Amino acid sequence: MNQKTLLLIIAVFLSYNLWAQNKEIIATMDSQTAAHYKNSHPSEIDIVKTSNGISAVLLTEKMTQILRMESPVHGPQFMVAKSLQEASAVLNFSPKENQVQNFTITEPGLVYDFLDAVSQTHIENTILDLQNYGTRYHTKSQATQSVLDLKQKWDTMILASSRTDISTRLVTHAGSPMPSLILTIEGNSEPSEYVIIGGHIDSISWNNDDAPGADDNASGIASLTEIVRVLLENKYQPSKTVEVMAYAAEEIGLVGSAEIAADYKSNNVNVVSYLQLDMTGYNGSVEDVYILDDWYSSSALNQFLASLMDTYNSSGAHQFTYGFSQCGYACSDHASWALNGYPASMPFEAKLGEDNPFIHTPDDLFSVIQNGEHAVKFTKLGLQYIVEAAKGQKLNTSDFIQDKLTIYQRNHMLFYRFSGDDAIETIAMYDMNGRKIRTFGSVQEGFISIENIQQGIYVVVFNTITSQQLMKKILIY
Ligand SMILES: [Zn+2]
């Protein structure tokens, strides 16, 4: 070997090392986690700035792999940012900035029809279809193919429904060769307000040629696909625009959802609420559904989810239970929406640490979750969420007899008059979280006292003796 060759080899070796240690990935993560890894892997991570318990960091590719593999929770422990400026915006994020919709629960007729239509078999078939790609790791051709095939599956349902107000589109990404998929049902009276539900379709494993991702997250995509089927087969028409999203590249740092949520924010899209379904298949805890209440989740939306389950799932054929848990920093795509200022939540399959232990391995298979029974509950919750969140502000139940009811307030009294043949039997008042706050029986006299009820917006439900329901939204002042 001559000296020139030796120098060349040294140069190549040095540049390889420089490349290997190049901390070129900008991300945000929990500041305690960042400090821990700065201590254990000082050459793989730089902490640029810390604020509000979050750090903007620079990571090597190797560090991202370590973070993913050592993650005690579902997500990769970090969220990729396009620039330090974008990362700084995350540091300055305050959940209080999130706008909050007034959520009510007023559509039991529609909701129960949809819940009855949910098919466990359909969910199981979709999970198996997705598992059969072998891998959906974002750089693999199978990942892109799975998105194209899902588009075709959703398009076939749209075609069968003969609807022109429903469409799908692929979204390409700067940070991944894999596209995301979005289905849109245009709102028929408030189309500029968006109610969105989503989950990631990519997978990951220590062997990325063998990443079946049955629970993580074929189960969530199967729940979403069943939601689409039920909505379309039942000719559902929302007042607000409803979107269903299947994301690319969640597993490498929420890349697909981060690009989409940032795009919606920069176009001033009014997303009134976002729900994430990521892992719905494995039944590992005492309760069925765990609402994640990490700081970036919307507490108003979480309360709404709890109220939905109190209303629709506390007894009967659609009964299941829920609790609360946490999942750590940016554990799934809902964080992308939350960090862009949108109210976002995620109901999860189990309590922290009791979820599927085989995810991110070649053993994340349908045989572990055995059936689609658990995923059915999340499908139902998703339907409840869409119907109640995407309805119009104008109450549309019994509109034709609604006109016969007149109400007015004076001196802490609510007066009402009903001009139909029917008569009012009982009255109930609900707050904007759908919680019943008061019931009035024997109310033929034409007024009720609203003294000692806090100022705010309420829904008053009048039940007639022939079992008709009339609803009025009122402002108590
Ligand atoms: Zn996942």
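Predicted model: local features only at pLDDT ≥ 70, side-chain atom pairs only at ≥ 80, totals over all residues.
Figure 1. Two bridges join β9 (residues 270-276) to β12, and the two strands run parallel. Strands pair here if DSSP finds at least two bridges between them. Strands are DSSP runs of E with at least two residues, helices are runs of H or I with at least four, and both are numbered from the N terminus. Residues are numbered from 1 along each chain as its sequence is written, and side-chain values use heavy atoms, without hydrogens or water. Local features need pLDDT of at least 70 and side-chain atom pairs pLDDT 80 or more, while totals for chains, interfaces and linings use all residues.

Figure 2. Six strands line up in the order β5-β6-β8-β7-β9-β12, with mixed pairing. β5 (166-171) and β12 (344-345) stand at the edges with a single partner strand each, so one side of each has no neighbour in the sheet. Helix α8 packs on this sheet and touches β5, β6 (180-185), β7 (190-200) and β8. Contact means heavy atoms within 4.5 Å. The direction of α8 makes about 145° with that of β7. Such angles run from 0 to 180 degrees between N-to-C directions, with axes fitted as lines to C-alpha atoms, for helices over the stretch in contact.

**Figure 3. A cis peptide bond at Asn-217.** The bond from Asp-216 to Asn-217 is cis, with omega near 0°. Asn-217 lies in helix α8.

**Figure 4. The largest nonpolar core.** This core has 68 residues. A nonpolar core is a set of buried Ala, Val, Leu, Ile, Met, Phe, Trp, Tyr and Cys residues joined through side-chain atoms within 4.5 Å. Buried means under 20% relative accessible area, exposed over 50%, and partly exposed in between, using a 1.4 Å probe and protein chains only. Trp-154, Ile-197, Leu-231 and Tyr-385 have the most contacts inside the core. Its largest share, ten residues, comes from helix α8 (residues 214-233). A second, separate core of 51 residues includes Ile-54, Leu-59, Leu-254 and Ala-258. Leaving aside neighbours within four places in sequence, Leu-231 is in contact with Phe-114, Ile-185, Tyr-236, Leu-383 and Ile-386.

**Figure 5. The β2-β3 hairpin.** Strands β2 (residues 45-51) and β3 (residues 54-59) run antiparallel, joined by six bridges. Ile-45 stands opposite Leu-59 in β3. Two residues lie between the strands, and Asn-52 in the turn has a positive phi of about 55°.

**Figure 6. Positive phi in two loops.** Ala-249 has a positive phi of about 55° although it is not a glycine. Ala-249 sits in the loop between β8 (240-247) and α9 (255-266). Its relative accessibility is 0%, so Ala-249 counts as buried. Asn-452 also has a positive phi, near 65°. Asn-452 belongs to the loop between β18 (447-449) and β19 (456-464). At 73% relative accessibility, Asn-452 counts as exposed.

**Figure 7. The disulfide of Cys-327 and Cys-331.** The structure holds one disulfide, a term for a pair of cysteine sulfur atoms within 2.5 Å. Cys-327 is joined to Cys-331, with 1.8 Å from S to S. The torsion about the S-S bond is about -70°, so the disulfide is left-handed. Both Cys-327 and Cys-331 are buried.
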